[in-house]
Structures are given as C-alpha cells and as structure tokens.
Amino acid sequence: MTEKRKKRKLVSSRAKRHGLPPGSVVRVSGGGQDGRIVVFDYDPDNLTECDVEDVGECFAFSGKPTVTWINVIGAVDVEAIQVLGKHYGLHPLVLEDALNTYQRPKCEDYGDYLEIVLKMSRWDESSGEVGLQQVSLILGGGFVISFQEHRGDVFEAVRDRIRGGQGRIRQMGADYLFYSLLDAVVDGHFAMLEHRGNVIESLEEQVVSRPDPGTLRRLHHVRREGMLIRKAIWPLREVVAEIRRGESALMTSEMRPYLADLYDHTLQIIDTMETLRDVLAAMLETYLSVVNNRMNEVMKMLMVVATIFIPLTFIAGLYGMNFEHMPELRWPWAYPAVLAAMAGIAGGMIVYFKHKKWL
Amino acid sequence: MTEKRKKRKLVSSRAKRHGLPPGSVVRVSGGGQDGRIVVFDYDPDNLTECDVEDVGECFAFSGKPTVTWINVIGAVDVEAIQVLGKHYGLHPLVLEDALNTYQRPKCEDYGDYLEIVLKMSRWDESSGEVGLQQVSLILGGGFVISFQEHRGDVFEAVRDRIRGGQGRIRQMGADYLFYSLLDAVVDGHFAMLEHRGNVIESLEEQVVSRPDPGTLRRLHHVRREGMLIRKAIWPLREVVAEIRRGESALMTSEMRPYLADLYDHTLQIIDTMETLRDVLAAMLETYLSVVNNRMNEVMKMLMVVATIFIPLTFIAGLYGMNFEHMPELRWPWAYPAVLAAMAGIAGGMIVYFKHKKWL
Amino acid sequence: MTEKRKKRKLVSSRAKRHGLPPGSVVRVSGGGQDGRIVVFDYDPDNLTECDVEDVGECFAFSGKPTVTWINVIGAVDVEAIQVLGKHYGLHPLVLEDALNTYQRPKCEDYGDYLEIVLKMSRWDESSGEVGLQQVSLILGGGFVISFQEHRGDVFEAVRDRIRGGQGRIRQMGADYLFYSLLDAVVDGHFAMLEHRGNVIESLEEQVVSRPDPGTLRRLHHVRREGMLIRKAIWPLREVVAEIRRGESALMTSEMRPYLADLYDHTLQIIDTMETLRDVLAAMLETYLSVVNNRMNEVMKMLMVVATIFIPLTFIAGLYGMNFEHMPELRWPWAYPAVLAAMAGIAGGMIVYFKHKKWL
Amino acid sequence: MTEKRKKRKLVSSRAKRHGLPPGSVVRVSGGGQDGRIVVFDYDPDNLTECDVEDVGECFAFSGKPTVTWINVIGAVDVEAIQVLGKHYGLHPLVLEDALNTYQRPKCEDYGDYLEIVLKMSRWDESSGEVGLQQVSLILGGGFVISFQEHRGDVFEAVRDRIRGGQGRIRQMGADYLFYSLLDAVVDGHFAMLEHRGNVIESLEEQVVSRPDPGTLRRLHHVRREGMLIRKAIWPLREVVAEIRRGESALMTSEMRPYLADLYDHTLQIIDTMETLRDVLAAMLETYLSVVNNRMNEVMKMLMVVATIFIPLTFIAGLYGMNFEHMPELRWPWAYPAVLAAMAGIAGGMIVYFKHKKWL
Amino acid sequence: MTEKRKKRKLVSSRAKRHGLPPGSVVRVSGGGQDGRIVVFDYDPDNLTECDVEDVGECFAFSGKPTVTWINVIGAVDVEAIQVLGKHYGLHPLVLEDALNTYQRPKCEDYGDYLEIVLKMSRWDESSGEVGLQQVSLILGGGFVISFQEHRGDVFEAVRDRIRGGQGRIRQMGADYLFYSLLDAVVDGHFAMLEHRGNVIESLEEQVVSRPDPGTLRRLHHVRREGMLIRKAIWPLREVVAEIRRGESALMTSEMRPYLADLYDHTLQIIDTMETLRDVLAAMLETYLSVVNNRMNEVMKMLMVVATIFIPLTFIAGLYGMNFEHMPELRWPWAYPAVLAAMAGIAGGMIVYFKHKKWL
C-alpha cells in the first residue's frame with residue numbers, strides 16, 4: 001500500500017516564479033479554482049459570519065471596534081487579493097508570500113501589521129498520508145487575515161469557539177484570535193505526530209519480529225516523509241520565538257503567558273520530531289542487524305549440511321571407483337565398516353560444531 | 001523477558017486535549033481515581049501533617065509565617081484543583097500544565113509564583129523498567145504546591161527530613177523546600193541512571209562474549225528507552241539554569257550555592273546520559289562486528305572443507321566412470337596411487353591455506 | 001552517461017597566485033579571451049545600453065543622477081580593469097577578488113562601496129551538469145559594477161526588466177538594482193536545486209526498484225557534486241545576513257523588506273540543500289539494504305537447493321559403491337524404497353525450511 | 001591481557017548518598033583508611049613541611065604572611081575535615097564535594113575562597129590502565145587546600161619545586177601555587193594521552209596488518225575507556241575558562257599570562273582527545289573493511305574451486321551412470337576425449353574468471 | 001609505497017617537558033643543531049640582510065625607524081634565545097612557546113608585543129608527504145621575530161619581495177610584514193590542500209573503478225593524515241579572527257582590508273579541508289559498496305553454477321547406483337531421455353534466474 005503512494009516532490013517547482021520582479025503577485029500553488037472568503041466579525045455580544053462574494057464586502061467591517069477575521073480559503077481571484085491588500089495597506093511582498101505556497105515559515109514585523117507564514121499539517125485518515133499546506137496569518141489592528149491553500153484545515157475548532165462563545169476568545173482582541181490560530185496549527189502538528197508515532201511503532205513491530213523487503217521500502221518512505229515534515233516544521237521554533245519576544249505593539253502584555261505556553265508546545269513538537277527521527281534511524285540499524293542475523297542462521301544451516309555431507313560423499317565416491325585392484329571391495333565387513341566410519345565422521349563433526357557454538 | 005515488556009508509546013495520545021481552548025483545565029493523564037492531598041505545614045518548632053479530604057482545609061494554613069507544602073498526589077477531583085488554583089491566584093495555564101501530563105519540562109515565572117514542570121524517574125526493581133511521571137512544582141510566598149501523577153515518588157526522603165527535623169529544612173523557607181524537592185528529583189535520575197548503567201554493562205558483557213539474536217532485541221529496547229528518557233530529562237538543564245539565574249524574588253540569595261550545586265548535578269546527569277548513549281551506539285557497532293567475525297569463522301570452515309573435498313570428489317567420480325577403455329583401471333598400483341595423489345592434494349591445500357592465514 | 005562526465009576539481013588550482021604580494025591584480029580564472037563590458041545607464045525616463053570597447057567610455061556615466069550598471073563579462077583585459085578600479089576608487093584587493101575566481105563568497109563594506117563575491121549556479125540542460133561561476137558585485141553611489149567569469153548568466157531577466165521598464169526597477173536606485181541581481185542569483189540556485197531534486201528523485205526510483213552498480217556510481221557522483229555545491233552556496237547565508245543587517249548607508253531603508261525576503265529565500269535554499277543531502281545519505285543506506293536484500297534472496301535459493309540435494313546425492317553415491325557384500329543392492333524393492341526415502345527427506349527439509357520462514 | 005581487565009563502572013554507585021540532605025558531609029569514595037594530611041608552609045626564605053596527626057596543627061600556619069598548602073591525601077577522618085572546613089569558613093557543600101568523589105569537574109567562586117573540582121589522570125605503567133581520581137582544590141587568602149582520593153598523584157614535581165626552590169614558586173603567592181597544581185593536572189593529562197596515543201597506534205598497526213577477533217575486543221575496550229576519560233576531562237575547559245576570566249580577587253593580575261597558557265594547554269588536550277576519538281572511530285571502520293576484504297578473498301577462493309569442479313564432477317557422474325545403452329562408453333577414444341573436454345572447460349572458466357578480475 | 005611511510009605520531013612526546021616549572025625555556029622539538037639567525041632590516045630606500053653569528057648583532061637594529069625581521073631558523077642555542085627575549089622584553093612563556101614545538105596555534109596580546117603560534121604546512125614533492133612545522137611570530141614596535149623549526153619554509157617569496165622591493169612591503173611597517181608572513185602561511189596551506197585534493201582525486205578514481213585492498217590502506221592513511229592536519233589548522237580561524245578584531249595598537253587601521261582578506265582565506269581553507277574530509281568519508285562508503293557489489297557478482301556466479309549442476313549431479317548419481325532391480329537402466333531410450341531431462345532442468349532454471357534478475 002504505502003509504497004505505491006505518490007511521492008511528495010523533494011523540491012517544489014517554482015517555474016512560474018523565475019524571472020519575475022520581486023513582489024509580483026502571482027499564484028504559484030497548485031490549488032483548484034474554488035476559493036472562498038469567509039469573514040467572522042465579533043465582539044463579546046455580537047457575531048457576524050458571512051461568505052463574501054465580492055472582496056469589497058469585507059471593508060464594511062474595518063474601522064469598527066470589533067475583531068474581524070478574514071479567512072481566505074483556496075485559490076481566490078488574484079485581483080481580489082490585490083484589492084484586499086491595498087485596503088489593509090499590505091506590502092506586495094506579503095501578498096506574494098500568501099500566494100506563493102513554497103515559502104519557508106517566517107515572521108515579519110511590518111510595524112502596522114505582523115505577517116506569519118507557516119505550514120499546517122493534517123493527518124489524512126483515508127490515505128494514511130500527512131497533508132501539509134501553507135497558511136499566512138496577518139495580524140493588524142483589530143483584524144486577522146488568514147490565507148490557506150485549500151479547505152480542510154485545523155481551524156474548525158477555533159471557528160466553533162467563536163460561534164459558541166466558549167473560552168475567552170469572544171472577550172479578547174485580535175491578538176488572542178491570532179494566537180488561537182497559531183495554537184491550532186501547533187495542536188494539528190501534535191495530532192499528526194501522534195499518528196506518525198503509531199505508524200512508526202507498527203513498523204518497529206515489523207522490523208523486530210518479521211522484517212521483509214517491503215518493510216525496508218516502508219521505512220524508507222517514512223524517513224523521507226519525515227525529512228520533508230522536518231523541513232516544514234523546524235523553522236516554526238524561530239517564528240514562535242520571535243513573536244514571543246513580544247516586541248510588536250500588536251501583542252498586548254496579557255498574551256505573554258499564552259505565547260510562552262505556545263513556545264513550550266513548539267519545543268515539544270520539535271523534541272518529538274527529533275525523537276521519532278532518532279527512533280527511525282535506530283530502526284534501520286536494527287532492521288539491518290535482524291536481516292543479517294537471519295541470513296547468518298541460513299548460512300549456518302547450509303554450512304552444517306554441506307560440511308557434514310561433503311566428506312561423506314567423497315568416501316562414497318571413493319568406493320564407487322572402478323579400479324580392478326581394490327581389495328576392500330571384496331571384504332565382507334567392508335560395507336558396514338564404511339557406514340560406521342561415515343556415521344562416526346558425521347557425529348564427530350556435529351560434536352565439534354556444538355562445541356564451537358555453531359549449532 | 002525484556003523484549004516482552006509493553007513498549008512505552010513514542011508519542012503520547014493527547015486526544016482529549018485537541019480542539020479545546022487554551023487554559024482548559026481537563027485531566028489528560030491516565031491515572032486512576034484514588035487521588036489524595038497531603039499537607040505539611042511547619043516552622044522550626046512545629047509540624048502539622050495531614051491528609052485533607054476537602055481542599056478548603058488547606059486554606060487555613062495560608063497567611064501564616066509557616067511553610068506550607070500542599071502535595072497533590074494522583075488524580076484529584078478537577079473542581080478541587082480549580083478551587084485551589086483560585087485561592088492561590090494561579091493562572092489557568094498553570095493548572096492545565098499540572099493536569100495535562102504530557103508537558104515538556106519548563107520553568108515559568110509568573111511574578112507572584114514560580115512554576116516548574118519536570119519528569120521524575122524511578123527505577124522499578126520488580127519489572128526492571130524505568131518509570132517516568134510528571135511533577136509540577138509551584139513556589140509561592142511561604143508555600144509550595146506539588147502535583148504528581150500517582151503514588152510512588154522520590155520525595156519520601158524529603159518528607160522524612162521534615163518529620164525528623166534533620167538537616168536545615170525546618171530552619172529554612174519555602175524556597176529551600178522547593179530546592180529540596182528539585183534535588184530529590186535530580187537524585188532520582190541519578191539512581192535510575194545507575195540502574196541503567198548496570199543493565200547496559202550486563203548487555204555489554206553479553207555482546208562481547210556471547211551475542212545471540214535476543215541480545216540485539218534487548219539492545220534495541222534499551223536504546224529506544226534511552227531516547228525517551230533523554231527527551232524527558234534533557235530540558236531539565238534549561239529549567240535548572242533558569243532558576244539558578246536567580247531573577248525570581250522568591251529565591252533568597254542564601255540559596256545560590258545550593259542552586260549552583262543542583263545545576264552541576266544536572267549537568268552531570270546529562271553527561272552520564274550522553275555517555276550511556278555513546279556506549280550503547282558503540283555496543284551496536286561492536287555487536288555487528290562480533291556477529292560478523294563469528295560468521296566469518298563459520299564461512300572459513302565451510303570454505304576449507306568444501307575446497308579440499310570438491311577436487312577429491314571429482315577425482316573419485318572420474319574413476320567411477322564406466323568407459324570400457326580406461327587402462328588405469330586395470331593397473332594394480334593405480335588405486336593406492338590415486339589415494340596418495342588425493343592425500344597430496346589435500347595436504348597441499350592445507351599448507352596453502354595456512355600460508356594464506358585462512359586456517 | 002553521468003559517470004563519464006569530467007569530474008569537477010576538489011580543490012581549484014591557484015598556482016599562478018602563490019607567492020605574489022597581496023593585492024596583485026592577476027587573472028587566475030580559466031576563462032577564454034572574449035570578454036565584453038556592457039553598460040546600462042537608466043533613470044525612470046531614459047535608458048542607454050551599450051557595449052563598450054574602451055573602458056574609458058564608462059566614465060561618461062559617472063557623476064550623473066542616473067543608475068549605471070557596468071557589467072564586465074568574461075576575461076576582459078587586466079589593465080582595463082585596473083583603470084576602471086582606479087576611476088571608481090576601488091581597493092586593489094577588490095580587483096584581485098574579481099579576477100581570482102576561487103574566492104569564498106563574502107561581503108566587505110569599504111565605506112564608499114560595498115563588495116560582494118558570490119557563486120552563481122546554472123543548470124546546463126544539455127549536459128545535465130550544474131555550472132558554477134563566480135560573480136563579484138560592487139555597489140557604489142549610483143553605480144553597480146558586476147564581474148562574471150563568462151557569458152550565460154542568471155541576469156537576463158533583470159536586463160529584460162530594465163529594458164522593458166517592468167516592475168519598479170527603473171523607478172528605484174542602484175541599491176534596488178544590486179538587490180535584484182542578488183535575487184536573481186538566489187532564484188538561480190532555486191532553479192538549480194529543483195533540477196537536482198528531479199535527478200535525485202529519479203535516482204531514488206532506481207535505488208528502490210532496480211539498483212545496479214551504475215546506480216552506485218551515479219549516487220557517488222551526485223553526492224560529490226552536492227558537497228562542492230554546498231561549499232559554494234553555504235556562505236551565502238552569512239553574506240545576505242550581513243547586507244540585511246543594513247549598516248551600510250548605501251542601502252536605503254526602503255530596501256529592508258526586500259532584504260528580509262531575500263534572506264528568507266537564502267535560508268530556504270540552505271534548508272533545501274540540507275534536505276537533499278539527508279535524502280542522498282538515506283538513499284545510500286537504502287541502496288545498501290536493497291542490494292543486501294537481493295543478495296540474501298539469492299543466497300537462500302542456493303542454500304535451499306544445495307541443502308536439499310547434498311544429502312540426496314550422498315545417498316545416491318552410497319549405493320553407487322562397488323562393495324561386493326551390499327545385500328540391499330539385490331533386494332527387489334530397494335530402488336523404489338531409496339527413491340521414496342529421498343523424496344521423504346527432500347519433503348521434510350522443505351517443510352522445515354517453510355517453518356523456519358527461509359522459503 | 002587487555003580484555004581481562006576489570007571494567008570501569010559506567011555509572012558510579014552513589015548509593016550512600018541518596019536521600020541525604022544536601023550538604024551532608026559523608027565519604028562516598030571507595031578509598032582505604034590510610035589518609036594523611038601533609039602541610040607545606042613557605043615564603044621565599046623558609047619552608048616547613050610536616051605530616052600532621054591532628055588537624056588542629058594546621059591552624060598554627062593560618063594568619064601568617066606565608067603560603068600554606070594543606071594536602072589532604074586519601075580517606076582522612078570525616079570529623080577532622082569538618083573541623084578544617086569550619087576553621088577556614090568553608091561551606092558544607094564544598095566539603096561534600098571534596099568527599100563525594102563522583103563530582104563533575106566544576107569551579108565555584110564563594111567570594112572568600114575559590115573551589116575547583118577536577119579529575120586527575122595517571123597512566124599506570126604496570127597495568128596499562130588509566131587511573132582517574134578526583135582532586136578538590138580550594139584557594140583562599142594565603143592558603144591552598146587540596147583533597148585527593150589516594151596517594152599516587154601528579155603533584156610530586158610541584159612538591160619538589162617547593163622543596164628545592166626552583167622556578168618562581170617560592171617567590172610567589174598562593175595563587176601561583178594553585179595555578180601550579182592545575183598545571184600539573186593538565187600536564188598529567190598530556191602524559192596520559194601520550195600513552196593512550198601509543199596504545200592506539202599499536203592497535204592501528206594490528207588493525208591494518210593482522211586483525212583478529214581480539215583486536216576488536218581491544219578496540220572496544222579502548223573506545224569505552226575513551227568515553228569515560230572524555231566525560232572526566234571535557235568539563236575542564238569550562239573550569240579553566242572560568243578561572244581565566246579572572247573575576248576572582250584571589251587571582252592577581254600577574255597570573256594572567258599563566259592562566260592564558262593553561263587555557264591553551266587545556267584546549268590542546270581536548271583537541272588531542274577528540275583526534276584520538278576520531279582516529280579510533282576511523283579504525284573501527286577500517287577494521288571492518290579489512291576483515292571484509294579478507295573474507296572476500298576466502299569467498300573468491302571457494303567460488304573458483306567450486307565453480308570449476310562442480311561441472312566437471314557432473315560430467316564424471318554422467319559417465320558413471322549404469323545405463324546399458326550408452327554407446328559412448330564403448331568408443332575407444334571416449335575417455336581421453338572426456339578428459340580433454342574437462343580440461344577445456346576448466347581452462348575456459350579460468351580465462352573467464354581472469355577476464356572478470358575474480359582471480 | 002604510501003603505506004610504508006613512517007606514520008606521524010598521534011600524540012607528540014613531551015617527555016622532556018613534564019614536571020618542569022611553567023616558563024622553563026627548554027628545547028622540546030626534535031630539530032638538528034644547525035640553527036641560523038637571519039636579519040632583514042629595511043626601509044623604503046635601504047635594505048640590510050645578514051646572517052648573524054652572535055645574537056647581540058641584532059640589537060644594533062633596534063631603536064631605529066626601520067623595520068627589522070629577525071628570522072630564527074632551526075635549533076639555535078637556548079641561551080642566545082634567552083638573551084634575545086630579554087632584549088626585546090619578552091615573557092618567558094613566549095620563549096617557551098617558541099621552543100616547545102607542540103603548541104596549539106594561538107594568539108596572545110602582551111600589550112607591547114603580539115605573539116602568534118601557528119603551524120606551517122608544506123607539501124614535500126619527493127615523499128608525497130605533508131610537512132608540518134611550528135612557527136612563532138612576534139610583532140613588536142618596528143620589529144618582527146619569527147621562530148621556525150627548520151629550514152624549508154613558505155617565507156621565501158616574502159624574502160624575495162623584500163629584496164626586490166616588489167609590492168608595497170618596503171613602503172609599509174612591521175605590521176604589514178607580520179601580515180605578509182601570515183598570508184604566506186595561509187597560502188602554503190592552500191598549496192598543500194591542492195596537492196591533497198589531487199591525491200584524493202586519484203584515490204577516488206581507484207575506488208570507483210578498480211578498488212583493491214591497497215586502496216583501503218591508502219584511504220586509511222589519507223584520512224588519518226587529514227585528522228592530524230585538521231587538528232593543526234583548525235585553530236587558525238580563531239587566531240586570525242582575534243587579530244582581525246584589531247584591538248592591538250600594533251596593527252594600523254590601514255591593515256584592516258588585508259586582515260579581512262586573510263580571514264576570508266582562512267575560512268576558505270577550513271571549508272576546503274572540511275569538504276575534503278566529507279569526500280573522504282563518502283569515498284570509504286563508496287569503497288565498501290563497490291567491493292560489496294563485486295562480491296555479490298562473484299556470489300551470483302557461484303550460485304548459478306552450483307544451483308544448476310547440483311540437481312543434475314544428483315540425477316547422474318541416481319543412475320550410478322548399483323541396484324540390481326532398476327528397470328530404467330535397461331530401456332534403450334533411457335539415456336537420451338535422462339540427458340534431455342537434465343537439459344530441460346538446466347534450461348528451466350536459467351529461465352527462472354533470468355526472470356528473477358539474478359543473471
């Protein structure tokens with residue numbers, strides 16, 4: 001199963017991007033054309049949730065004391081995004097980052113707003129695959145804009161909390177919303193690593209007790225996937241550390257313990273990822289040793305059988321020669337004597353092998 | 001034995017936690033329901049030790065100049081913990097950390113109180129297993145609150161010292177108690193590493209003198225356990241370094257040499273852990289070499305026997321052919337001559353092999 | 001194919017350089033003699049592009065408010081370069097760096113001008129090779145001077161943008177041009193890594209499904225190339241970080257987000273390069289395991305055939321002996337009985353091997 | 001020989017220490033009971049050297065302008081040490097460190113005095129073993145106290161210099177004495193590494209020219225010893241760096257070049273240790289390759305003999321069949337023809353093998 | 001050839017040094033007794049070059065505005081060096097460093113003068129060996145003193161430039177001379193690495209196309225040499241970085257770009273050295289794989305021959321049995337039928353092996 005999956009590309013193609021001037025807002029992701037823009041606008045007492053057709057509808061929410069979350073999902077029209085960017089005063093490079101989905105996770109403070117680019121991971125139960133998609137989060141005064149590659153994200157729980165008014169999310173500002181989205185991404189990584197952990201444990205079981213060539217292919221597949229996940233998640237630490245350092249005026253001091261907590265969770269993800277990596281590397285070594293051990297057993301079997309019978313066959317061949325003058329051939333007790341000698345040789349060898357611990 | 005033990009999960013399940021708002025006080029550990037709260041309240045002259053039924057009983061001790069240690073053991077009622085947290089002014093994230101037992105070790109200074117989350121290790125003599133459980137320690141003005149997953153801890157010696165008034169513990173404040181608990185955790189790690197060291201030494205003995213496939217499985221098991229222990233203990237260094245830096249007003253300057261000592265012990269634990277890891281890695285290499293060497297001996301045996309007898313068998317086969325016109329068959333001295341030639345070939349080969357050092 | 005390519009030298013010969021006083025302007029590269037100097041001089045409204053024969057023609061552009069890009073391509077006369085250097089007040093070491101093409105990438109701030117030495121990479125489609133050449137970029141007040149080893153560079157897109165007036169390049173100063181050239185170099189590395197990624201993926205396919213000795217040679221070739229590419233690209237991070245730190249007055253503050261973006265791309269290149277390296281290292285391990293697995297299959301085949309037939313052949317040899325007194329030879333049912341015994345032995349062994357999972 | 005030596009414990013037992021309050025002055029080392037206290041008291045003109053029975057005798061020397069070196073050797077009475085500690089105002093943790101010989105090397109500045117804990121190494125010529133013992137050095141105003149586990153140290157040269165008045169030791173203060181002791185420890189490590197270097201070189205000789213299974217055991221033994229030595233010596237760098245930083249008022253500025261020199265020697269020890277480690281790791285790889293090469297030679301031998309004779313034996317078997325209707329058996333030139341064919345086959349195979357470079 | 005060279009000692013013997021007081025000026029190098037002192041004294045217009053017999057002759061040059069270079073070559077009389085040291089006010093430790101040739105490269109600023117200890121490397125064309133010798137350089141006001149172990153250095157080009165007045169050396173001060181000597185050392189390392197690169201490339205050729213056991217020994221030799229070179233050169237980075245930081249008043253600010261250039265070259269040497277190391281490590285892996293691949297070919301050959309003929313030989317043996325009642329033996333078409341069956345079995349096996357890709 002596993003080995004038939006389509007391999008994730010080692011280096012994503014950026015062909016459309018090459019040669020363009022920096023800051024060109026061109027879509028480089030491979031997403032489909034069914035983009036949506038969903039807006040949440042809330043304060044402790046009111047909540048508006050709407051699916052906007054025209055990006056201009058979003059602008060009605062700006063300038064109010066409420067918190068606005070503009071959730072851009074999938075491949076929305078490039079012009080609409082440029083209009084949005086212009087309205088909120090975003091730098092062209094920010095929009096480029098949002099649309100070019102092969103970014104390295106990063107955190108950029110533009111003064112008026114804070115940009116974060118992240119990878120969001122989801123374990124796809126049906127295929128047993130890890131799905132990675134890029135998320136851009138922009139925190140401004142009273143608003144958060146999020147861009148994601150396609151539907152199927154880890155934000156549903158945040159949306160439910162906004163809708164249901166659970167926890168403190170409705171009482172707090174855009175910075176808390178921003179934090180909640182980050183926290184959801186980090187929790188998503190945990191869930192994904194938990195699944196990976198299970199896959200690795202079942203592989204480990206196989207490696208130790210009944211390895212076969214398919215095991216090796218699966219090991220290779222899982223290690224390779226791990227390398228790409230690592231590349232996607234590793235820079236998260238830096239990103240969260242930079243937000244935590246808390247130099248942006250957009251983050252109120254009340255957020256400090258939450259950000260510290262978020263940072264600890266990020267470290268834990270990275271620890272877990274590294275431990276899984278070490279376990280996988282150790283498993284490969286163990287696999288090789290187990291396979292080697294089995295081969296050795298097989299070789300010993302061959303050695304024992306061959307080493308015992310080769311001399312006996314030689315003796316049989318000896319008395320199968322057709323010389324006329326072989327007096328032994330006529331002695332009446334010669335045959336039983338030869339049989340006895342053969343048994344003696346075989347027995348002696350077995351005793352010797354047992355002594356040498358080869359049996 | 002060893003290989004039948006239940007494997008520790010690579011990544012702990014946090015299923016109940018996903019999707020909850022940050023700061024939700026939900027029990028995620030797998031502990032049973034037999035929680036207890038034990039309170040120690042002492043000054044140089046007096047000592048009260050009691051098992052509280054209702055968490056409210058603890059509050060009688062607060063506000064007094066004595067040192068109070070509230071020792072929450074195992075799965076205590078979540079509401080009781082919330083009441084406790086409220087009384088002592090603890091942040092919801094602190095309570096979440098205490099109940100969610102899959103935290104990374106960390107140190108958080110909340111100004112009024114200091115929170116430490118740690119892993120405590122105990123060598124379980126009966127199963128030959130290392131037991132890890134999470135401990136949260138909270139140091140406030142005049143009180144220490146500790147949360148632990150279940151009974152069976154490394155604090156018994158501290159309790160005995162409080163009861164018996166040995167050492168300086170009764171003369172000193174809550175910071176010294178806090179330090180004593182940390183010191184007990186670090187000492188517990190030492191004891192655990194000492195046991196691991198013994199296990200590794202006995203494995204080493206096996207590897208060098210009589211390796212078998214079970215050795216490999218045990219090696220794998222011990223390495224894997226080491227990885228998980230490493231993940232649990234490694235962050236301890238940072239935690240102790242942060243306390244030692246001594247920026248919290250809760251730590252009096254008199255504690256400085258003790259904290260320096262604690263830090264040195266932590267470094268020593270980490271050095272020891274790393275040395276054990278290196279020894280294990282070197283052992284795997286040695287194991288492979290030893291197994292390889294033995295296999296080579298076996299192969300050489302086969303080679304010698306086969307290479308000597310194959311030509312002899314051919315000669316025997318030659319004179320077993322039934323051609324009518326084979327004049328040698330009739331020569332009277334042919335048989336002894338052939339036997340002599342065979343002995344000569346075998347002898348020559350043995351000399352050649354000795355010369356080549358293959359024998 | 002791949003394995004016949006001319007290997008890149010591990011350490012470039014600097015023979016001509018040894019023993020010369022520091023700052024000697026001597027050409028050490030191996031380029032041909034067909035050098036050109038191309039000048040671009042532009043402001044938002046005007047553009048002059050010319051191929052200069054005499055280096056003195058360039059000086060007409062200096063002192064004007066336009067941006068001048070002097071593009072020295074290939075092996076231009078050493079004296080012309082010294083004249084150029086004198087006119088723009090460049091330190092002899094800068095000219096030495098430009099001509100000696102075995103420099104380590106570096107960034108040097110001389111106050112009046114900023115010098116960067118870089119490696120530019122291009123994937124040569126026809127040979128499937130990565131071409132690396134050195135570029136020196138000098139940013140002064142209102143001018144950029146670039147030196148490159150030979151034609152065939154990654155700057156064509158920048159030249160087209162200057163010609164066509166796309167993007168902001170014509171609106172902005174020499175610092176933006178300087179940045180654009182750097183950006184083009186970084187984009188070139190991305191394109192090259194993308195090709196390398198494809199090569200590695202196709203090798204991976206081979207390794208897992210049908211490895212042969214040529215695969216190993218190709219793996220070795222690709223790893224070795226990777227080491228040299230790594231050596232050329234790795235110092236880029238430092239260089240870009242130093243420019244980003246932005247202490248040079250030649251970089252206006254408007255460039256900050258661009259430089260931050262450039263830095264992120266540089267980190268991403270390095271991440272990608274490291275991931276490819278890890279993938280290659282893992283592939284070698286997998287290759288060895290796959291080859292080992294196949295060998296084991298072959299060995300098992302031999303073992304099964306040999307171990308089954310060796311005893312049978314012995315039995316046949318036994319009854320081929322010519323003793324006169326072998327009563328079995330005369331029993332009428334002896335032959336079928338021996339055949340049956342042989343079938344029984346073979347069958348028993350097969351069952352035993354199946355049980356042992358050797359078949 | 002080597003492999004029969006008693007193995008050094010991986011983790012030292014600290015059993016007696018567990019559960020005691022911090023600062024408990026309990027002897028944890030395994031030393032015998034024949035401790036001595038030797039006092040050196042000197043100024044440029046006078047020298048007193050005496051073996052004290054009662055620790056109180058030492059106190060006569062304090063308060064004078066001379067330099068006093070109290071050299072506590074081996075297991076001296078715990079009470080005596082407590083009296084000594086009290087007289088010189090030492091913190092209980094310092095005494096604990098001195099008696100508990102499983103400390104990590106460290107440097108602690110207590111203001112009035114400076115404590116250093118180190119490992120001292122000595123090459124034991126008779127056993128070919130490295131002996132490690134802990135030394136605590138305490139530098140106060142005008143005195144140095146040293147604690148060591150047992151006799152046999154690297155300080156004899158320092159004692160001789162004090163006695164003979166060579167060098168500057170008698171002209172200078174306690175800080176120079178303290179430095180001289182440290183320098184003697186570092187020189188002792190050099191001597192030990194020199195011996196280890198010789199052992200490793202002779203092993204290397206064995207590995208390359210005549211490896212046997214004992215070589216592997218010796219390699220393993222030497223690597224393991226290296227790991228424990230590394231653990232003991234590595235922290236020395238930090239310790240010396242901390243002293244060199246020179247913030248203690250006890251170190252006069254005149255000592256600066258000496259401390260810088262000491263630091264360089266420490267770095268050199270660590271470089272040497274790391275080089276030896278790399279050499280050992282490379283040797284294991286080489287060992288495996290050499291053993292592998294030899295095995296391959298043996299296998300080729302078997303292959304050649306078996307592959308040549310197996311077809312010939314088959315042919316011989318063919319004409320040994322007893323069919324009545326085998327017309328060849330009666331042809332007079334059949335036997336020589338078969339012999340010729342056999343020689344042809346064998347010759348052809350040898351040519352083929354030579355062509356394939358298998359011979 | 002290569003494998004017969006005398007191995008460089010892993011740890012140099014410092015026997016004469018142990019136990020001496022720090023600052024003892026004792027010769028520890030193994031150089032012969034043919035030392036010389038050569039003095040260069042120059043200003044832009046005049047040059048004196050002389051070979052001094054008595055060290056006192058040097059002192060005539062001090063106190064003048066000219067630049068004096070005292071070049072102490074080989075084993076000069078220890079007393080002469082002490083006289084020299086005294087005249088120029090050098091600390092005894094500096095003289096100790098100059099004579100004790102087992103120093104770690106270092107840079108020490110004594111205020112009035114700057115001391116550098118380095119390793120100088122030279123490729124010895126005749127032996128194909130890398131020669132390393134220690135150089136001490138002392139820069140004071142208007143003078144440079146250099147100590148080297150023996151003749152045959154990398155300074156000849158500097159001497160020629162002084163004699164010929166090429167470059168700026170005669171126009172500039174002692175700091176430029178000091179820098180020129182350092183630059184010559186760094187250039188010497190480049191030349192040496194270039195030769196090593198060639199050696200490694202020719203080894204690589206051997207490894208990939210025709211590995212033999214001698215290849216392995218050469219690989220081991222080259223790796224080992226690389227480890228010792230690495231130990232000698234690695235600290236150079238720190239040394240040059242410290243000079244570059246430029247806190248010594250002896251270095252004029254005009255030297256800054258030269259020192260920056262020197263630092264870049266040092267980094268490049270270290271990069272190159274590391275790349276060579278990685279290439280060597282990869283070569284060992286490739287060597288093992290290549291040898292393994294060849295062995296596998298040989299094994300397959302054996303397997304094919306043995307697996308095909310073993311069953312055929314068994315059949316031949318079967319009809320060689322001497323049972324009286326074997327009716328097949330009398331059937332006229334039995335012999336051709338058996339031959340046909342044998343051909344069929346052999347053919348079927350070959351087809352099966354081709355199908356399995358074992359042939």
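Predicted model: local features only at pLDDT ≥ 70, side-chain atom pairs only at ≥ 80, totals over all residues.
Between chain D and chain B there are 17 residue pairs in polar contact, with both residues at pLDDT 80 or more. A polar contact is a pair of N or O atoms within 3.5 Å; within protein, one must be able to donate a hydrogen and the other to accept it, and residues adjacent in sequence count only if both atoms are side-chain atoms.

By class, the side of chain D that touches chain B holds 40 nonpolar, 10 polar and 19 charged residues. Here Ala, Val, Leu, Ile, Met, Phe, Trp, Tyr, Cys and Pro count as nonpolar, Asp, Glu, Lys and Arg as charged, and the others, Gly among them, as polar.

Residues are numbered from 1 along each chain as its sequence is written, chains are lettered from A and ligands numbered from 1 in the order in which they are written, and side-chain values use heavy atoms, leaving out hydrogens and water.

How many residues does each chain give to the contact? Chain D gives 69 residues and chain B gives 66 (contact: heavy atoms within 4.5 Å). Together they bury about 5,900 Å², 63% of it on carbon and sulfur atoms; buried area is the accessible area (1.4 Å probe) that two parts lose on being put together, summed over both. D:Val11, D:Arg104 and D:Tyr335 supply 12% of the area that chain D buries against chain B, more than any other three residues.

D:Arg104 also forms a salt bridge with B:Asp271, through their side chains (2.7 Å, N to O). There are 8 salt bridges between chain D and chain B, each being a side-chain nitrogen of Lys or Arg within 4 Å of a carboxyl oxygen of Asp or Glu.
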